[in-house]
Amino acid sequence: MLSSIIWTPLLFGLIGLLVPKRFAAWVAVFGAVITLGLSIGVLAGFDPDGGMQFVTDVNWIPGLGVDYSLGIDGVSIFLVLLTTVAWIPAICFSAIRGTERPALYYLMLLAGETSTLGAFLAQDLLLFVLFFDLMIVPFYFLFGIWGRDRGGEGDPEGSPGNGLVTVQSATLKMIVFTLIGSLLMLVGAIAAAVISADGGTITFSIQTIVARGLPGGSQNWIFWFFAAAFLVKMPAFPLHGWMPDAYRAAPLPALAVFSAVLSKVGAYGFLRVVLPMMPDASDLFQTTILVLAVGSIIYGSAMAFTKTDLRLVLGFSSVAQLGFITAGIFAFNSSGAEGAVLQMVNHGLVVVPAFLIVAMIAERTGSEELGPMGGLAKKAPVFAAIFLIVTMATLAIPASANFIGEFYILNGLFQVDAAWAIIASSGVALAAFYALRMYQLTMHNPLPDGADSRELSLRDALVLIPMVAIVVVLAFCPQLIVHSSEQAVDSSVAVVREVAK
Amino acid sequence: MEEVAFFIGAIGALGAAAAVVALKNPFYSVLALVIHLVFLAGIFLLLMAQFLAASLIVVYAGAVMVLYVFVAAYVGGIEEPKWDASPELRVIGPIMAVALFVAISIAVLGSGLAALGTPGPDDIPAGFGTPEAIGHLMMEDFLIAFEAASLLLLVAAVAAIVLAGRRRGDKGSGTEQRKVLVKADEQANAQVAGNGEGA
Amino acid sequence: MSFDAPTMDYAGLSPIIALTTGLVVLVLAAVFDRIKRFGPALALLAYAVTAGCLIWQWDADVDLVSGALRLDGLAVVLSLLAVVSAAVAVLLAIGDPSETQAGRSDWLALLTGSLLGMVILTQATSMLTFFVGLELLSIPLYALCGTNLRRRESLESGLKYLIVGSVGSATLLYGLAMIYGASGATGFQEIADGLQAGDGMLTDSLTLVGVGMVAVGLAFKISIAPFHQWTPDVYQGAPTPVTAFMAVATKAAGFAIFIRFFLVALGPLVDQWDVMLAALAALSIVVGNVGALAQTSLKRMLGYSGVAQAGYMLAGIVTATQAGVDALVFYLAAYVAMNVAAFAVVVIRERQSGFSDDISTLRGLGREKPLLAWPLTIAMLALAGLPPTAGFIGKLYLIQALVDDDWTWLAVMIAIGTMISLGYYLRVVAALWMSPAEGDEAVPADGTPSDAAAAAAGIDTASLPPQIAGAQADPFADPQADRRWYLLAPAIIAMAAALFFGIIPQPLVDFAQHAGDALSVWIS
Amino acid sequence: MDIEWYIVLSALLFTVGFIGVLVRRNPVVVLLCLELMLSAGALSLLAFSRMLGNQDGQVFVLIVLVVAACEVVVGLGLVVAMYRRRLPLDVDEMKELKG
Amino acid sequence: MTATWAWLVLLFPLLGSLTIGLTFKALPDRTAGLIGVAAIVAAFVCGVLALIGLQGEPSESRHVASSLWEYANVGGLKIDLGIYVDPLSIFMVLVVTGVSSLIHIYSYSYMKSDQGYHRFFSYLNFFVFSMLVLVLAGNFVMLIVGWALVGFASYALISYWYRRNTATKAGMKAFVINVIGDIGLYIAAILIFKNLGSVDYGTVFEKAPEVFSTNQWEIVAICLCLLVGAFAKSAQMPFHTWLADAMEGPTPVSSLIHAATMVTAGVYLIARCHTLFELAPTAADVAAFVGLATLLIAGTIALAVTDLKRIIAYSTMSQIGYMFVGVGIGAYSAGMFHLMTHAFFKALLFMAAGSIISAMANMQDIDKMKGFRKAMPFTAATLIIGALALSGFPGMSGWFSKDEIIDFAHFRRGMYDWMWVGMLIGALMTAIYSFRIIFRILPGPACEEAQYLIDKGHVIHGEPKNPATNEVEDTEVGYPGEEHHIAEQAGGMKFAMAILAFLSIVAGVLQIPGVDEVVTKFLEPTFENSVFAHMHPSTGEAWLGLTEGGLISIAGIAIAWLLYIKRPDLPGKFRQRFSAIHTLCVNKWYGDELVDFLVTNPVKAVGRFCNRVFERFAIDGATAGVAGLTRSAGAAVRDIQSGMLRGYALLMLFGILAIAVYFLIRSL
């Protein structure tokens with residue numbers, strides 16, 4: 001069952017290579033929808049109190065002790081759903097517009113989905129690392145082939161003062177940064193397996209390693225190897241150096257899922273791997289990680305309200321949001337961690353439409369710069385309304401599920417130390433500022449010359465509205481997610497809590 | 001007596017070696033090497049390697065050096081400034097080489113191997129170093145190495161033909177003299193190959 | 001004196017015999033123009049028979065000819081890799097200027113000679129076979145590098161390789177002599193026994209300096225820094241099929257003897273040399289990777305990359321465990337696939353673009369000729385160690401072996417090296433996919449290279465026969481190169497292998513472990 | 001005469017040969033120096049062979065001589081080929097390949 | 001049953017908002033307006049029915065909690081989607097829905113020519129829904145939800161004419177300041193949960209006295225955090241700067257949100273949490289003092305500025321200051337009563353102002369207005385009634401409500417006497433600025449626009465201009481069209497204003513000291529456990545206070561008459577004489593500048609620093625540095641790779657030597 005979820009997208013991507021070009025997009029859409037159907041099927045059969053479920057465990061590389069081991073629990077199920085949901089609008093959006101070399105494009109996009117799902121479902125440490133590394137490859141191609149160079153000063157296409165960005169350098173930066181972490185994580189993962197085996201048979205099964213435990217001294221360095229990977233992926237301050245360029249160069253539909261889902265894998269990794277496997281180290285380095293997390297919140301927000309490139313505003317807002325999520329996880333209590341899980345889903349759901357909206361704005365104004373924009377709401381009330389909902393969810397207005405997530409995170413942090421919560425909460429105010437600024441400077445104010453305020457096309461609306469609808473529905477009952485993931489999340493943080501005592 | 005012979009041989013071999021390096025004209029260098037090989041063969045004799053001493057003279061100082069002489073004559077000398085502009089090579093190189101010599105010497109002299117300080121055992125088997133003994137070893141224990149060496153010679157010959165041989169593209173571009181030379185080095189190659197196998 | 005003929009195990013010797021026969025046939029074929037045309041077929045036949053013999057002897061574990069050779073898993077596995085890469089070189093050489101100028105059969109005879117040296121080397125268990133095998137490997141290679149006689153770089157690379165290679169050989173010889181002196185034996189097992197029997201010989205200065213000099217000689221062959229400097233130059237200058245062969249097969253044979261000599265003969269000294277080899281490995285990783293960064297010549301870049309990759313693989317020996325050897329062999333096998341895919345594409349591109357291997361000639365290839373772009377792309381990703389390729393699993397294997405033996409810092413070095421390596425591997429990928437073709441800058445594939453272009457390519461027009469120099473189309477340029485099955489097939493098969501063993505690595509793991517198992521007597 | 005002396009002599013010859021490779025620019029002379037280095041190795045092999053009373057070393061030296069000869073043949077072949085191509089016979093001029 | 005009615009109170013505005021919003025293309029404008037009005041009226045009716053249901057209960061059990069479903073529940077922090085109905089919330093529901101109904105009716109006419117009619121009503125209904133969530137919330141998280149949603153609605157309506165830069169800026173300012181207030185509430189809620197284990201009103205108010213001792217730091221912290229929220233929402237110092245700018249919104253919005261309902265939420269919050277504030281008297285005093293300071297400062301500003309709507313806006317701040325003092329010192333019912341009467345007369349004043357502004361073709365400067373008495377007699381009458389009520393003229397509603405608060409301060413003695421004095425001064429200022437408006441606008445020769453109205457019978461059609469910047473604006477979307485609507489000519493407006501005028505006059509009868517005191521009695525169940533529940537001045541004292549207040553009011557009106565009618569040169573002289581004070585007041589005590597200096601500029605500087613310095617040098621610099629280091633290492637490797645054969649041999653020699661030396665050392 002889980003295998004079929006993982007491999008269906010790739011299968012359809014490959015089918016897309018075989019069919020005539022004009023059908024490739026629709027094959028991809030079809031594949032994504034089927035994957036969503038499968039994941040909903042898993043959700044239907046999911047038991048919130050059942051621990052790890054739908055387990056698949058096959059010897060993959062017996063020579064190395066690596067298994068093809070999959071499973072799903074309360075944490076992963078919603079991230080899997082987020083993934084399968086998020087990919088559909090991205091694919092549809094591209095399908096509506098058409099791309100160059102469609103077969104390859106959709107193959108890459110769907111391969112990205114496959115690897116992301118793999119990372120969420122892997123229960124073998126090495127399989128997780130493998131999928132984690134694999135994720136970046138299709139996105140490297142997506143960003144590289146379908147991205148575009150952004151000019152520097154004086155280029156109407158580019159961002160004045162934001163410098164010249166070539167696709168090549170941007171993607172290279174991205175992949176080098178991400179792999180810095182990933183490779184260290186590979187070393188860390190192997191070390192974890194080897195050390196925990198302590199001379200016995202080496203296995204990479206996460207559960208076994210957790211059960212065997214790691215000695216405190218090894219935990220400390222292995223922790224940082226993993227943390228490096230996850231923090232870069234998120235990205236967290238100050239390891240976000242790759243993000244601005246990559247975001248500016250990337251094609252927006254791919255960027256949407258990248259920002260929505262891939263960044264969550266890092267946070268997920270903390271919850272799935274780091275906390276249970278290295279409880280002592282997690283406890284030891286709690287303050288350090290919290291400093292980074294809160295730093296991300298503040299820095300991300302501060303950057304988000306100074307940047308004028310829409311993508312960067314969203315990108316840095318993601319930095320801030322991931323800061324919240326990390327902080328929640330490292331509160332080591334169910335309130336914080338649960339809020340973090342909720343927030344992962346919420347943020348993912350919000351970011352996808354946000355980036356697609358940026359694309360639509362760019363189609364209307366010919367620019368992604370906040371400066372010369374405005375007034376797009378004029379003839380596009382539906383567009384404006386959807387964007388408004390997205391904006392409000394981004395800034396976590398109370399009544400959105402994002403608010404509940406942030407509230408629980410702050411509550412969790414507060415129990416660690418009030419200071420964390422208070423500093424982190426300044427991020428909420430800054431979020432209001434940058435999100436609203438983004439909305440106003442695009443939708444409001446006078447319409448500049450050359451910009452074309454036009455309503456969403458029906459097809460675009462059909463892409464955006466389901467996402468927005470999910471956001472709205474979740475706003476009414478976040479408990480749906482909270483309830484099902486509680487047991488799994490709590491079991492992760494409970495390990496650390498035990499140690500901390 | 002042995003000491004005297006050794007020192008004569010050693011000084012001769014070293015002096016000739018130094019001459020190989022130092023002489024400006026490659027022609028003379030080749031000749032210096034021949035002298036070196038002769039002295040070396042003497043030292044080989046001191047070490048009871050009669051067969052090798054002989055083959056060194058015959059094959060090496062004879063055949064191979066002839067090849068050298070031909071080539072040196074063919075390509076002629078190049079003007080080589082004695083002490084050129086890259087001091088790191090001219091100065092640091094020899095210094096480091098000497099350092100390497102010192103290191104090896106320390107390794108040898110500082111070794112705990114007692115036998116090094118002796119002239120070697122006296123109870124060596126009869127016929128030590130004679131063609132017969134070597135021949136036996138070659139055909140018995142070291143057959144593969146021997147056969148491989150012969151194949152090596154074959155391959156080297158092919159290589160020489162490929163590299164230096166006259167080919168269709170060169171038609172008319174070579175002078176009479178060059179043709180002769182090419183033929184000559186082919187012959188030399190064959191000769192070396194023959195010697196190797198014959199031994 | 002009676003003559004004790006050594007026992008000849010012809011089954012065990014069959015691979016060598018097959019190859020020798022092939023060599024002789026090829027040499028003879030050189031004489032007859034009619035047969036000459038079938039040179040490649042003859043060579044491939046010989047290789048196929050050799051490979052068949054090797055597979056026939058898959059489970060062999062025997063000492064051959066008075067302990068000069070030993071046919072076991074390690075030998076079989078690494079010989080197979082060498083044979084496969086030689087076969088690829090034969091295919092890639094079809095229509096190559098070097099092969100044609102060297103008179104086809106002669107060229108193939110040299111290749112076969114070198115391959116024979118490799119096969120002997122993988123089996124060598126005595127200093128003599130070791131040395132002669134190494135020379136049999138090297139000397140034809142020196143010549144092969146120079147076989148593209150029209151190109152200055154080719155000759156230059158041949159002579160450079162020969163000179164520094166001989167320095168390496170001489171050093172190796174000197175080291176062997178010292179070890180011979182210290183142990184009193186030439187057979188590997190006897191060396192180990194002799195060193196252990198001798199009083200304090202395991203830490204004696206004579207032994208250790210000898211070990212060091214042998215290490216230098218071997219490190220030279222497998223391009224370990226700081227003895228790597230020939231690599232980029234020779235890779236770039238040599239005819240590309242030779243480079244491909246050299247890059248893979250030499251490493252296979254070099255590592256075979258490295259493993260066998262260090263783990264069998266010098267096994268008792270492992271505590272003495274492991275740190276040194278680790279340092280060399282780390283240095284190679286750094287030097288190879290940073291050196292490759294700004295290269296514009298693809299072959300040269302692959303040369304530096306080979307230095308770095310050799311560093312990774314050397315790490316497998318440092319552990320001196322069976323897992324380390326397994327990992328090394330696995331990586332080597334993956335490395336064969338990746339490099340073959342890369343070089344095959346380079347060969348095709350060279351013939352299409354007037355013999356330039358500049359990375360810029362690859363621009364826009366992804367759009368125009370995906371069939372060429374994909375093998376190179378996968379090769380680069382695999383070399384960079386990205387999943388889902390065999391390169392990733394190989395790194396994983398190596399790191400696991402290292403961590404398992406407490407060489408975590410070296411594992412981290414591998415990780416760091418890999419990061420740096422992305423900087424150049426992905427530049428190639430970017431050129432393939434992410435930049436438009438340079439229509440006017442590239443030399444037109446089927447057009448006439450101008451004198452300037454020829455000069456740029458290092459062809460000294462003045463000294464060429466009139467029909468080759470200038471004015472005329474380059475006789476070896478082949479705009480249809482991307483449709484030649486013998487060029488495309490290696491690329492695509494190697495790509496498929498690199499991918500397949502990235503997804504289902506177990507068969508290759510078994511393959512590698514077969515090699516490691518052969519050493520189970522000597523190492524844990 | 002103690003074996004040490006022979007070894008030291010061989011080390012000295014090796015060094016001289018190495019120096020030759022380092023300082024000479026004529027490839028023919030460089031090849032000569034390589035001969036020196038190889039013969040130094042041969043000398044030490046023989047010395048050890050004598051020390052051990054074991055003739056394996058002598059066979060080895062024979063192989064070395066063959067190898068040396070082969071190297072010379074190929075080396076000189078390359079030199080001739082370069083000469084034919086009118087390339088400068090100076091190792092310092094062989095700088096097409098670098099960087 | 002009560003709970004059901006209360007849920008229906010919430011449902012109708014939400015439905016109205018969604019219906020109007022989703023059918024913006026299908027329904028004609030008028031229908032949308034009618035739906036909007038109907039939804040609010042229905043909510044009002046349901047509110048009345050809930051009131052009746054609640055009054056049917058015995059006094060001690062007059063509170064109902066009801067929950068729809070569990071909103072979220074993690075780690076003991078259980079949040080229900082729940083409401084809490086008690087007299088206080090019903091009181092607020094009635095005020096909100098009542099005033100909203102009237103303002104909807106007013107807007108129905110006033111916004112007639114606006115092209116964003118649907119949007120306007122959708123927002124307005126949504127606002128009412130949010131406000132009702134706020135007042136009906138059953139726990140602190142729901143309170144926050146309502147709190148933030150009104151903030152959002154307020155933002156949406158301030159920026160309603162979104163193509164004005166000034167409007168969008170004002171909206172942003174209002175929203176961000178309100179979010180800061182929200183954060184205060186977040187932290188308060190988290191603190192409450194941490195200390196009391198729940199966020200439900202019922203549990204919290206029950207357990208608080210058991211858990212906390214008086215003035216324990218936790219409870220003070222909780223109350224101060226609550227106050228941050230309250231101050232931000234109610235535009236009290238130092239969070240007051242957004243309110244004046246919020247006047248960028250259409251006049252009905254100012255009337256409803258920024259006068260009658262939303263801005264009084266802070267007062268409601270303190271009253272709602274009176275249990276907590278009584279445990280933290282320090283915090284309650286802070287509330288009172290901030291209220292006092294705001295009322296005085298806002299009063300002085302209202303005396304100086306000339307923008308009609310802003311005068312009324314500052315007056316609103318000032319009046320809310322009174323309410324804060326009221327609930328801060330324990331005069332809960334007085335505070336709530338003033339909240340109600342203020343809603344009536346302030347809404348009325350805004351409506352009248354809106355009418356005049358329409359007549360002035362969107363001009364808002366009172367210096368340019370003159371002689372509207374004849375031009376718009378109905379508007380003039382309502383304006384006078386509103387002003388009288390605001391200045392607390394004896395008999396008017398404001399007289400009863402404001403002076404009850406003032407009197408209570410005097411009744412509590414001690415330092416509260418100072419508040420009493422301050423509030424009396426404030427009352428004097430109130431009377432003066434109220435009548436400053438009247439005397440400047442109504443009497444005298446008609447100005448051009450007024451004259452035009454008298455002559456032509458309809459209002460002048462000016463160029464659509466931004467009143468703040470005088471820039472010409474395009475009217476395509478989201479601006480009132482050329483037709484302007486004035487009370488004289490629109491039934492809906494007239495109707496709403498008439499009712500409010502009536503209420504402004506007579507609402508006082510609800511709370512005549514010693515006579516009925518309806519409000520006090522009605523709210524009694526909510527405040528019964530309060531320490532101030534049975535502390536109130538005697539009837540005599542109350543009447544004495546009322547008399548004082550009445551006299552001050554009359555004095556103020558007289559002063560205004562003196563200044564603006566009798567001796568119109570005096571204000572100018574004062575202005576010259578006390579130019580420093582005038583400048584201070586006209587510049588709103590430099591509140592904006594102060595906030596800019598203390599908060600906005602530092603935050604922006606941090607942003608700029610991050611962007612221009614840190615990102616560039618630390619992040620990009622580090623990246624480039626590492627990349628450069630690697631590249632230069634590569635360059636070094638390539639330099640060594642000189643192509644020189646002899647160099648290669650040298651490096652080999654070096655390597656051999658190094659290894660030999662290493663092994664020599666090892667062999668020692």
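Modeller: Chain E holds 27 helices and two strands, where helices (H or I, at least four residues) and strands (E, at least two) are DSSP runs numbered from the N terminus. Please keep in mind that this is a predicted model: local features need pLDDT of at least 70, side-chain atom pairs count only at pLDDT 80 or more, and totals for chains, interfaces and linings use all residues. Residues are numbered from 1 along each chain as its sequence is written, while chains are lettered from A and ligands numbered from 1 in the order in which they are written.

On confidence, pLDDT is the predictor's own score for each residue, from 0 to 100. Chain E averages 85, and 96% of the residues score at least 70. For the complex, the predictor gives an ipTM of 0.89 and a pTM of 0.89.

Now for the overall layout. Along the principal axes, the C-alpha atoms of chain E fill a box of roughly 110 × 65 × 60 Å.

Of the 668 residues in chain E, 61% are buried. A residue is buried if 20 or more other C-beta atoms lie within 10 Å of its own, exposed if 12 or fewer, and partly exposed in between, with C-beta atoms placed from the backbone. Two residues are in contact if their C-beta atoms, placed from the backbone, lie within 7 Å. Among contacts in chain E between residues at least 6 apart in sequence, 81% join residues at least 24 apart.

Leaving aside neighbours within four places in sequence, Ala347(E) is in contact with Val99(E), Ile103(E), Ser255(E), Leu256(E), Ala259(E), Ala260(E) and Leu500(E). Ala347(E) also belongs to the largest nonpolar core, which has 862 residues; Ala347(E) and Leu132(E) are among the members that touch the most others, as are Val187(A), Leu152(B), Ala341(C), Ala498(C) and Ile63(D). Helix α15 (residues 322–352) of chain C gives this core its largest share, 23 residues. A nonpolar core here is a set of buried Ala, Val, Leu, Ile, Met, Phe, Trp, Tyr and Cys residues joined through C-beta atoms within 7 Å.

Elsewhere in chain C, 19 of the 19 residues of α6(C) are buried, so that helix is largely enclosed by the rest of the structure.

Finally, the partners. Eight pairs of chains are in contact, and chains B and D share the most contacts. There, 59 residues of chain D are in contact with 75 residues of chain B. On the side of chain D that touches chain B, α3(D) gives the most, with 20 residues. That side of chain D divides into 43 nonpolar, nine polar and seven charged residues; Ala, Val, Leu, Ile, Met, Phe, Trp, Tyr, Cys and Pro count as nonpolar, Asp, Glu, Lys and Arg as charged, and the others, Gly among them, as polar. Chain A and chain B, by contrast, do not touch, and their nearest C-alpha atoms are 36 Å apart.
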